[in-house]
Amino acid sequence: MHEEAGEPARVLRRHVQLERAQLRRLEAASLVEATTLVLLVCVAVPLKHLFGMPLAVTVMGPVHGFTFTAYVWTVFQTVAGGGWRRSEWLRMVALAFIPFAGYTNLPLIRRKTEALGVAARAAP
């Protein structure tokens with residue numbers, strides 16, 4: 001069979017589109033996970049212990065648990081695509097345990113997205 005001359009470029013463009021979409025999902029998951037952790041630790045826990053309002057933790061605990069699980073799953077899905085150093089993905093997971101630290105992952109994700117665009121433009 002004869003392969004079209006534009007086929008490799010088309011495949012590369014499709015790969016870049018898929019990787020960008022995955023990085024956008026990771027960015028959103030990172031933002032949501034970091035926000036729910038901050039709400040849990042800085043709002044719900046003080047409401048419970050200082051004001052006797054355990055309902056806040058009862059609600060935010062499972063919400064954060066779900067978002068944390070979804071975030072870690074998204075990290076592993078993204079890393080499986082390749083192009084990540086071990087230190088980068090370990091950082092992505094470790095910072096999810098520290099309030100406000102998860103927000104520091106957003107610049108890394110944005111740099112990865114930009115690098116993907118640069119690599120795609122440089123390809124023939």
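For the classes used here, Ala, Val, Leu, Ile, Met, Phe, Trp, Tyr, Cys and Pro count as nonpolar, Asp, Glu, Lys and Arg as charged, and the others, Gly among them, as polar. On this basis, the lining of the largest pocket in the predicted model comprises four nonpolar, four polar and two charged residues. The residues concerned are H15, E19, L23, G81, G82, G83, W84, K112, A115 and L116. Two elements, helix 1 and helix 4 (105-122), each give two or more residues to this lining. The volume of the largest pocket is about 150 Å³.

Helix 1 spans residues 7-51 and includes F51. The relative accessibility of F51 is 58%, and this residue is therefore classed as exposed, the cut-off being over 50%. Together with L50 and M53, F51 forms a nonpolar patch on the surface. The accessible area of L50, F51 and M53 together is about 370 Å².

V43 is another residue of helix 1. Its relative accessible area is 39%, so V43 is classed as partly exposed, a class that lies between the limits of 20% and 50%. Along the chain, V43 and V63 are 20 residues apart. The separation between the C-alpha atoms of V43 and V63 is 14 Å.

Conventions: Residues numbered from 1 in each chain as written. Predicted model: local features only at pLDDT ≥ 70, side-chain atom pairs only at ≥ 80, totals over all residues. Heavy atoms only, no water. Patch = residues over 30% accessible without salt bridge, like charges linked within 9 Å, V, L, I, M, F, W, Y side chains within 5 Å. Areas by Shrake-Rupley, 256 points an atom, 1.4 Å probe, with all protein chains shown as cover. Salt bridge = Lys/Arg side-chain N within 4 Å of Asp/Glu carboxyl O. Helix = DSSP H or I, 4+ residues; strand = E, 2+ residues; numbered from the N terminus. Buried < 20%, exposed > 50% of the residue type's maximum accessible area, 1.4 Å probe, protein only. 1 Å grid on protein atoms, 1.4 Å probe; cavity = no way out; pocket = protein on both sides within 12 Å on 5 of 7 lines; lining within 4 Å. Points joined across faces, edges and corners; volume = space filled by probe spheres on them.
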